[in-house]
Amino acid sequence: MSTSAGRSRLRFNPKLFAVAVVASLVLGALLGYIAKQTGAEWLTTTLDTIGTTFTKLLTFTVLPLIFTAIVVGINSLRGLGGGRTAARLGGKTALWFAITSLIAVVIGLAVGSVFQPGKGLVIEPDPEKLQSIGEKTHGSWLDLVNGLVPSNLISAFSEGETLQVVFIALIIGAATYSLGEKAAPFVEFNKAAFEVIQRVLGWIIKLAPIGTLGLIGNAVASYGNEFFAPLLKLIGSTYVACALVLFVVYPLLLGLVAKVSPVRFFAKSWNVLQFAFVSRSSSASLPLTRQTTEDLGVPASYANFAVPLATTTKMDGCAAIYPAVGSIFIANLFGISLGPVQYLTIVAVAVFGSIATAGVTGWFTMLTLTTAALGFPPEVVATGIAIAYAVDPIMDMMRTATNVAGQIVVPTVVARSEGLLDDEVLAKPSTPLVESKAADETELVNA
């Protein structure tokens with residue numbers, strides 16, 4: 001493998017970023033409260049516009065980022081050995097995805113059973129939200145299979161079908177890997193495109209405090225305490241379950257399996273977890289997630305494959321914890337009893353159906369897929385989701401942070417099991433994560 005100067009890293013002052021984000025959370029909540037109490041529609045509209053614009057800026061980079069990252073990532077495995085090594089790494093990564101999903105869904109069920117969200121709750125859903133939920137395509141196994149293969153290459157991108165883009169990227173990545181030198185120009189193009197997208201995303205990330213102000217402010221102005229208080233158990237259950245996975249399960253896996261200090265892990269990952277929390281987007285966090293994974297000693301050649309794949313399929317917060325808690329919430333809301341068989345069904349869907357969570361709205365697919373497997377009537381599911389939708393942004397912050405943490409933990413665990421983890425890199429302090437700068441680094445692909 002050769003080295004070259006060129007690949008950029010996203011950089012920002014972590015202390016300044018942390019202070020700015022916290023200040024934005026407080027100021028946004030205050031402005032939202034003022035807008036709610038005074039009925040200042042102009043302020044609510046302004047906050048909504050700021051938050052929506054920030055979200056759109058993040059969203060438009062997602063599909064090209066995922067495509068180029070996976071194509072480059074698959075080819076980067078060449079530096080770790082032959083096809084058998086790549087297959088073994090892919091298999092171990094998928095296995096750990098399933099193991100951690102299993103643990104997460106069991107914790108979600110346990111916390112939901114203790115808190116019993118939705119029990120004794122009587123709330124009428126917003127008619128407009130109920131209608132919009134009813135118009136969404138509910139998750140099903142058949143739809144998942146049918147929706148995996150696009151009718152053509154362009155439609156997958158133009159229609160924002162993340163799962164289809166992942167499928168295309170995996171096929172093209174595998175083809176370029178098998179072609180070797182013949183496909184080198186195409187791989188180099190994708191490497192360059194990936195760097196361009198990361199640079200653009202780096203500029204957008206700098207706007208996170210402003211975006212946070214708008215997102216939090218609009219949530220408080222729109223919902224206030226009207227729905228927050230009655231749905232406190234649902235919010236609490238989601239946060240407690242995510243916190244157990246994030247601050248107990250992951251540290252245990254890191255300490256016992258990967259031999260990585262949890263303190264060092266959080267010191268190096270705190271910035272990306274903050275960004276994931278405020279942006280509510282695993283895909284938008286991808287560059288920071290990958291950089292953090294490399295800072296923990298995972299070789300770039302493996303991180304460039306595992307992290308993009310994890311970003312689109314490894315979502316413990318959205319795909320495991322929330323479907324468990326959400327199913328219990330909807331069941332309690334309508335007096336539906338859940339027994340051991342139903343709990344096992346929820347576990348099975350979370351473990352085997354997590355690939356359906358690709359994209360920014362994956363929680364909806366997984367929750368409707370789970371409730372469909374449980375046999376809940378469509379109108380019950382739509383009503384339950386419409387009620388919970390009011391506080392979804394609040395829950396989605398913690399779900400996304402949990403997703404991203406898992407997307408870092410699994411590659412770290414697999415890298416240690418393969419003897420790939422670089423303890424010297426792990427021991428070094430992280431480079432301050434805003435200005436991109438060139439740095440000497442190992443090339444992703446052997447020429």
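Close-up 1. Buried here means under 20% relative accessible area, exposed over 50%, and partly exposed in between (1.4 Å probe, protein chains only). Helices are DSSP runs (H or I, at least four residues), numbered from the N terminus. At 1.5 Å a residue, H19 (residues 392-417) should span 38 Å, and its end C-alpha atoms are 37 Å apart, which agrees. The expected span is 1.5 Å times one less than the number of residues. Just after H19, Gly 419 has a positive phi of about 70°.

This is a predicted model: local features need pLDDT of at least 70, side-chain atom pairs count only at pLDDT 80 or more, and totals for chains, interfaces and linings use all residues. Residues are numbered from 1 along each chain as its sequence is written, and side-chain values use heavy atoms, leaving out hydrogens and water.

**Close-up 2. The salt bridge between Glu 418 and Arg 88.** The closest N and O atoms of this pair are 2.8 Å apart; a salt bridge needs a side-chain nitrogen of Lys or Arg within 4 Å of a carboxyl oxygen of Asp or Glu. Glu 418 lies in the loop between H19 and helix H20 (423-427) and Arg 88 in helix H4 (residues 83-115), so the pair ties together parts 330 residues apart in sequence. Glu 418 is buried, at 19% relative accessible area, while Arg 88 is partly exposed, at 40%.

Close-up 3. Lys 191 and Glu 188 meet at 3.2 Å, N to O. They sit 3 residues apart in H9 (residues 184-205), and are therefore separated by about one helical turn.

Terms used. Helix = DSSP H or I, 4+ residues; strand = E, 2+ residues; numbered from the N terminus.
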